[in-house]
Amino acid sequence: DLHSFPTRRSSDLVVSADAITQLAESEFEASVVLNKNDMLQALDRLSVFVGEYDRNVIFMHFGEDGLTLTNKAKAGTEQIDYVSKNGDLVFDCAIEIDLLTSQIKAQQNDDFKLYYGLPNCVKIADDNIVQIIALFVEE
């Protein structure tokens, strides 16, 4: 079952290639296109407010007008405008900042598509690369 995919820290996960393929081919409820440099700069600024006490986790809010990134204490907040969006789903999730940053750095184009709406992961894609990133859930 796709929705029972583990949602712990990525370093704790051991999953089969079939599970990853299934997630990569999943229909996500919505997607947005974001500028790579804008996102990396926002993550870099926000990283100052995120530490071990936060478990290196940030919160993402996909709103109607843009993506809002915050740390647990809400001491740092970044707003990123969408280049474009597909779907009207308002969605909140938590993700490890270092993992997200490294995956965005791997994108080759100036813009990338971020798919969201599943309770356990997001998907990042450009013309050549598809990445699945597990979301963080408190245990």
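Select lysine 123 and tyrosine 115 to begin: the charged end of the lysine sits over the tyrosine ring, 4.5 Å from its centre (NZ of Lys or CZ of Arg within 6 Å of the ring centre and within 35 degrees of the ring normal). The model is predicted, so local features need pLDDT of at least 70, side-chain atom pairs count only at pLDDT 80 or more, and totals for chains, interfaces and linings use all residues. Residues are numbered from 1 along each chain as its sequence is written, and side-chain values use heavy atoms, with hydrogens and water left out.

Phenylalanine 28 belongs to the loop between α1 (17-24) and β1 (30-35), and tyrosine 115 to strand β7 (residues 111-116), so the pair ties together parts 87 residues apart in sequence (helices, H or I of at least four residues, and strands, E of at least two, are DSSP runs numbered from the N terminus). Phenylalanine 28 is buried, at 11% relative accessible area (buried is under 20%, exposed over 50%, partly exposed in between; 1.4 Å probe, protein chains only).

Next, select phenylalanine 91 and tyrosine 116, a tilted pair with 5.8 Å centre to centre and 35° between the planes. Both residues are buried.

Finally, select helix α3 (residues 97-105), whose buried residues are Ile97, Leu99, Leu100, Thr101 and Ile104.

Conventions: Phe/Tyr/Trp six-rings, centres within 6.5 Å; stacked < 30°, edge-to-face > 60°.
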